Amino acid sequence: MKVIITNDYDEMSKTAAEIIKEQINKKANSVLGLATGSTPLGTYRELIKMYKNGEVDFSYVITFNLDEYVGLPDDHPQSYHYFMYENLFNHINIKKENIHIPKGISDDFDRDCKLYDEAIEKFGEIDLQLLGLGVNGHIGFNEPDDYINTKTHIVDLAEETINANKRFFKSIDEVPRKAVTMGLGTIMKSKKILLLASGKNKAKAIKETLNGYLTTDVPSTVLSLHPDATIIIDKDAASLIDVEKVKENDDVVLKL
């Protein structure tokens, strides 16, 4: 893996946006896997600026989001449909028919999960997958477990995830307990992966991600098997890692 350590959140966001811009400018009809949550917000702001400055064109880009809460309709303010339109899609020239987000409301989730994977495969897999990182090492909503689910599926959210997301809701009782998520197999088929993490609350998860061991207790460790994975973190998220030790296994770039 390539590890880029930046000074702060803003520099992390700009670095990620530059890589995404480069991907789109190299391949106009790139298939992007997108994440939600607070971590990618800065990256999306930078991409909007780049679009408005004429640096990047989204008119042929295809997107697939990682996940969605089960039980929330598309227009719910905390749904990931709503999040993506508010924070990115409404501000760029992407075509609505090129946007794909898992359904939070369905009469047959097994069918819809299968159709979601088939839609990704139709486009020849994801060119660049953007990931955030949960405090427990989850990517997408693939929580720590004894087993890895490789396909898009329904997952029970871990208590750590529910507690981390309660700040977006009026009370913890409103936080959904289930979500639809791409499986780790779908994510790992992506040609390139960018994982972002910022803040000291992500330091433990980053340390575990980079410790050289593969375990389903920390789903993000699977990225060590990917041929083109880049982890971009700020110095707070990097505060618990031994940079020299990480350099033994990974290509480390310091932007401090």
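Student: What should I know about the model before starting?
Tutor: It is predicted, so local features need pLDDT of at least 70 and side-chain atom pairs count only at pLDDT 80 or more, while totals for chains, interfaces and linings use all residues. Residues are numbered from 1 along each chain as its sequence is written, and side-chain values use heavy atoms, leaving out hydrogens and water.

Student: In what order do the eight strands of the open sheet run?
Tutor: The order is S5-S3-S2-S6-S9-S10-S1-S11, with parallel pairing. Strands are DSSP runs of E with at least two residues, and helices are runs of H or I with at least four, numbered from the N terminus. Two strands pair if DSSP finds at least two bridges between them.

Student: And which are the edge strands?
Tutor: They are S5 (99–100) and S11 (251–255), each pairing on one side only.

Student: Changing topic, which residues of helix H3 are buried?
Tutor: In H3 (residues 80–87), Tyr80, His81, Phe83 and Met84 are buried, meaning under 20% relative accessible area with a 1.4 Å probe, protein chains only. They fall within an arc of 165° seen down the axis, so they line one face of the helix; the arc is that of the directions from the helix axis to the C-beta atoms.

Student: How do H2 and H3 pack?
Tutor: Their axes are 10 Å apart, at an angle of about 40°. The contact (heavy atoms within 4.5 Å) is made by Leu41, Tyr44 and Ile48 of H2 and Phe83, Met84 and Asn87 of H3.

How values were computed. Buried means under 20% relative accessible area, exposed over 50%, partly exposed in between (1.4 Å probe, protein chains only). Axes are lines fitted to C-alpha atoms, for helices over the stretch in contact, and angles run from 0 to 180 degrees between N-to-C directions.
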